[in-house]
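Colleague: I've got a fold open on screen and I'd like to learn how to read it. Can you walk me through it?

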Amino acid sequence: PDADALMNDGLDVTGYDVELYGNYVYLATADPAAEIKIIDVSNPASVRCNPCAGSINLNGNGVSRSLFVNGSKLYVGRGVDNPSSDELLVYELSATPTSPTLVTSYDSDPDGARTVNGLVTVTDGSTVYVYAATTWNTRELSVIRTTGGTTQTGGGGAPDIGKTVSTFGDGAFLGTTGADACEVFSFGIST
């Protein structure tokens with residue numbers, strides 16, 4: 001269908017990010033009761049989300065801002081207004097893609113409520129590293145090692161708010177917002 005068909009199909013919320021897993025699209029939204037919409041796209045001629053195939057209501061308050069699929073895991077970055085709420089959530093998709101199970105969550109910023117605006121994962125053996133573009137003004141690029149159930153954060157500072165991140169080879173590239181002449185920063189990474 002054309003874009004108007006989806007917009008007129010009950011999606012009256014802001015969409016921030018989208019990821020595909022199998023026959024399903026996961027849409028990060030500003031809907032406080034169902035921050036992630038799950039849309040069946042197995043038949044592209046009849047894609048509908050009224051009702052959606054499923055949804056995820058994230059725990060606590062906040063808005064889903066970024067998504068990334070790695071294998072059968074859905075990584076969700078969000079903005080929270082409570083410093084004790086986790087900003088990074090991990091869901092398992094393989095058993096029931098329309099009703100994912102929360103596997104674990106991480107506090108990407110232990111000193112306050114922040115937003116994960118963009119994220120990407122890099123796998124090194126059995127270790128998954130999450131590179132997150134955040135609103136943390138001294139760590140706009142946060143790195144979270146998700147092995148062993150513990151969070152290890154590190155990262156680099158840029159002068160503005162992190163909005164998006166991408167990795168390529170041994171580099172991470174961070175897009176920011178602000179008044180600086182350079183709004184893209186590169187960081188050397190190695191796992």
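Modeller: Start with contact range. In this predicted model, residues 24 or more positions apart account for 37% of the contacts with a separation of 6 or more.

Colleague: What secondary structure does the protein have?

Modeller: One helix and 15 strands.

Colleague: And how much of the protein is buried?

Modeller: Of its 191 residues, 42% are buried. The accessible surface is about 9,000 Å², with 49% of that belonging to carbon and sulfur atoms.

Colleague: How should I read the nonpolar core?

Modeller: The general idea: in soluble globular proteins, nonpolar side chains tend to be buried together. Here the largest nonpolar core has 14 residues, and Tyr26, Ile36, Leu74 and Val76 touch the most other members. The elements giving two or more residues to this core are β2 (24–29), β3 (36–40), β5 (63–70), β6 (73–79) and β7 (88–92). A second, separate core holds twelve residues, including Tyr129, Leu141, Val165 and Phe185.

Colleague: Which residues does tyrosine 26 contact, leaving aside neighbours within four places in sequence?

Modeller: Among them are Ile36, Ile38, Leu67 and Leu74, along with Asp17, Lys37, Pro97 and Pro100.

Colleague: What does leucine 102 touch, not counting residues up to four places away in sequence?

Modeller: Leu89, Val90 and Tyr91. Take leucine 89: it is 13 residues from leucine 102 in sequence, and their C-alpha atoms are 7.3 Å apart.

Notes. Residues are numbered from 1 along each chain as its sequence is written. This is a predicted model: local features need pLDDT of at least 70, side-chain atom pairs count only at pLDDT 80 or more; totals for chains, interfaces and linings use all residues. Side-chain values use heavy atoms; hydrogens and water are left out. Contact means heavy atoms within 4.5 Å. A nonpolar core is a set of buried Ala, Val, Leu, Ile, Met, Phe, Trp, Tyr and Cys residues joined through side-chain atoms within 4.5 Å. Buried means under 20% relative accessible area, exposed over 50%, partly exposed in between (1.4 Å probe, protein chains only). Helices (H or I, at least four residues) and strands (E, at least two) are DSSP runs, numbered from the N terminus. Accessible areas come from the Shrake-Rupley method with a 1.4 Å probe; for residues, only the protein chains shown count as cover.
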